[in-house]
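Have the viewer open and follow along.

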Amino acid sequence: MEGSFTKVSKGGGRQCDVTVTKSTLKCVLKNSIAPNIQVEVNLSDILAIQTGARENSNVSSVIIHYAGRKKDKLLTWEKLVLAAEPGLCTELKDSFSLACPDGDRPRHFLVIVNPHSGTKTGSRIFHKKVAPLFKACGITFKVYETTRPNDARTAFQDVDLSTVQGVIAVGGDGFFSEVVTALVLKQQQLHQVNTDDPNCALVPVNVPVGVIPCGSGNYLAMYLHGIIDPITAAIKIVLGKTTATNLASIHIGGKLIRYAGLISCFGLIGNMMAMCERHRWMGNVRYKVFPLKGILTRKLVEAEVSYLKENGEWQVYNGPLYSVDLNVVNLADKNNKLVPVFGDSALTIHIASVCPLGEHIKQLSKVADWTTGAYDFNFLTNERVLRYKVSLTSLPTLRLETGEERLVDKLYMNLDGEALLIDRTSFDVSLQAGLIELFGDHPSSSAH
Ligand SMILES: Nc1ncnc2c1ncn2[C@@H]1O[C@H](COP(=O)(O)OP(=O)(O)OP(=O)(O)O)[C@@H](O)[C@H]1O
């Protein structure tokens, strides 16, 4: 399609030639005293097209909303307003519908906001920045703001999942995991699956999940989009491509505790997170102070880790350890750095045993910086597993009136950025593959 339009902007209108091919829109602004200015947009980056007729005028307009691609993977919401006689505007709009039919893009969302995340800006960011974009793209949504921790499940109470094409979590990593757990549980309740049984076969959720990063920890958004930016994340949601990801179910004492989407780190990293949470009043400085204190006061734990390998064999690690760390989104050593891999065929666990403090600090710093070789230390046991169980039966316990045993020592797990007290003598973690998809087009996934 080709035609002559007026490009409308705040400064007035300018003549331009517009060409739409199978893959791009080109708009060339004619300039008699300088080179022509060209705006080129990939059709796959178009977010929405709006047309408008002007009263008592034979001129119509077309507003093209599209994703602007900036450096460092940042996406911006851009608009191109073109005016011409109505027939030409209709022809332009129709050429887009043919080239990029948007029938498979999501149209209705359930948005769940944690107003308490990070610097408590989640609600404002959603309503001021994200909601206008969704509305311009013809997306409707219902918003639920949580009132307390573990309130995300309330958002699903009266929701028929078959009417929703996306669940959007506005918050940090811990909140993402809370929302995903509530969503997966809702689906299992509908199908009467007993989720407290670690061997149960879970029913996949066919509603993708999106994250608008507004927390203090936003690793999931960073892994998915390569940048922590609410608008970039919102644009990826509108574009509707998805990445299949894994979850890990955590069972303790015969009960499902949570579905983790990012990490489940028992021991050192869990204890560091517990210290950080106890000192929330210090703001983000706590994430600098307590990891250091944690490593300097590291303690070995006597434990048995049994794990099921991909070949169906169970193996056992027995002995003192500092930590059992799992990256649910695997971090693979590629091209001289650690890169996230979504939806891997196994979970990779790293067991840290006795080692000099200096070596341990070096190893953890490499993980923090995503440096190559971060898991190539001889005090680490690295295994690809489908399931693992940690038993702490040689630690001192006390007996409750109910007859149940509880650990005397306070040990923690860092579960997607939240500290979970492990007060039982064992816990069980299983790979849950193919349960959910995330909005975003990460290259490690073959979904979309
Ligand atoms: N309305 C609420 N008030 C207080 N806490 C909430 C509320 N809604 C959710 N939460 C809890 O806030 C915790 C942290 O959420 P989130 O991951 O969004 O924020 P964060 O800033 O990354 O984390 P943190 O505040 O722990 O550093 C979650 O465990 C969640 O259960």
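Is Asp72 buried or exposed? With a relative accessibility of 57%, Asp72 counts as exposed, since the cut-off for that label is over 50%. Keep in mind that this is a predicted model, so every value here is computed from predicted coordinates.

**A loop worth a click**

Asp72 sits in the loop between strand E6 (60–69) and strand E7 (75–84). Its backbone has a positive phi of about 60°, although Asp72 is not a glycine. Lys73 lies in the loop between E6 and E7 too, and has a positive phi of about 65° without being a glycine. What is the relative accessible area of Lys73? The value is 56%, and Lys73 is exposed.

Who touches this loop? Gly226 is in contact with Asp72, Lys73 and Ala221, once neighbours within four places in sequence are set aside. Gly226 belongs to the loop between helix H4 (219–225) and helix H5 (230–239). At 28% relative accessibility, Gly226 counts as partly exposed. For a sense of distance, Gly226 and Lys135 are 91 residues apart along the chain, and their C-alpha atoms are separated by 26 Å.

**The ligand and its shell**

Now to the ligand. A total of 23 residues surround the ligand, and the closest are Ser117, Gly118, Glu178, Ser216 and Arg280. By class, that shell holds 13 polar, six charged and four nonpolar residues.

| Residue | Atom on the protein side | Distance to a ligand oxygen |
|---|---|---|
| Phe175 | polar backbone atom | 3.0 Å |
| Gly217 | backbone N or O atom | 3.3 Å |
| Glu418 | polar side-chain atom | 3.0 Å |

Taken alone, the ligand exposes 630 Å², and the protein buries 90% of that. Which elements give two or more residues to the shell? They are helix H3 (173–190) and helix H7 (286–296). H3 supplies the largest share, four residues.

H7 deserves a look of its own. Arg286, Phe290, Gly294 and Ile295 are buried in this helix. As a reminder, an α-helix has 3.6 residues a turn, so residues three or four places apart point the same way. On the other side of H7, Lys288, Leu292 and Leu296 are exposed. What do the buried residues pack against? Their partners are helix H6 (268–278) and helix H8 (357–368).

**Two more stops**

Ser123 is in helix H2 (residues 122–136). Its side chain makes a polar contact of 2.4 Å with the side chain of Glu145. Not counting residues up to four places away in sequence, Ser123 touches Val113 and Glu145.

Leu308 sits in strand E15 (residues 301–309). At 18% relative accessibility Leu308 counts as buried, because that label applies under 20%. Beyond its neighbours up to four places away in sequence, Leu308 touches Glu313, Trp314, Val385, Leu386 and Arg387. Leu308 and Ser4 are 304 residues apart in sequence and 65 Å apart in space, C-alpha to C-alpha.

**Zooming out**

Finally, the whole chain. How many helices and strands does the protein have? There are eight helices and 26 strands. The C-alpha atoms fill a box of roughly 85 × 45 × 45 Å, taken along the principal axes. Of the 448 residues in the protein, buried ones make up 51%. The protein exposes about 21,000 Å², with carbon and sulfur atoms supplying 51% of that area. As for contacts with a separation of 6 or more, 65% are between residues 24 or more positions apart.

Technical notes. Residues are numbered from 1 along each chain as its sequence is written. This is a predicted model: local features need pLDDT of at least 70, side-chain atom pairs count only at pLDDT 80 or more; totals for chains, interfaces and linings use all residues. Side-chain values use heavy atoms; hydrogens and water are left out. A residue is near a molecule or strand if one of its heavy atoms lies within 4 Å of it. A polar contact is a pair of N or O atoms within 3.5 Å; within protein, one must be able to donate a hydrogen and the other to accept it, and residues adjacent in sequence count only if both atoms are side-chain atoms. Accessible areas come from the Shrake-Rupley method with a 1.4 Å probe; for residues, only the protein chains shown count as cover. Ala, Val, Leu, Ile, Met, Phe, Trp, Tyr, Cys and Pro count as nonpolar, Asp, Glu, Lys and Arg as charged, and the others, Gly among them, as polar. Buried means under 20% relative accessible area, exposed over 50%, partly exposed in between (1.4 Å probe, protein chains only). Contact means heavy atoms within 4.5 Å.
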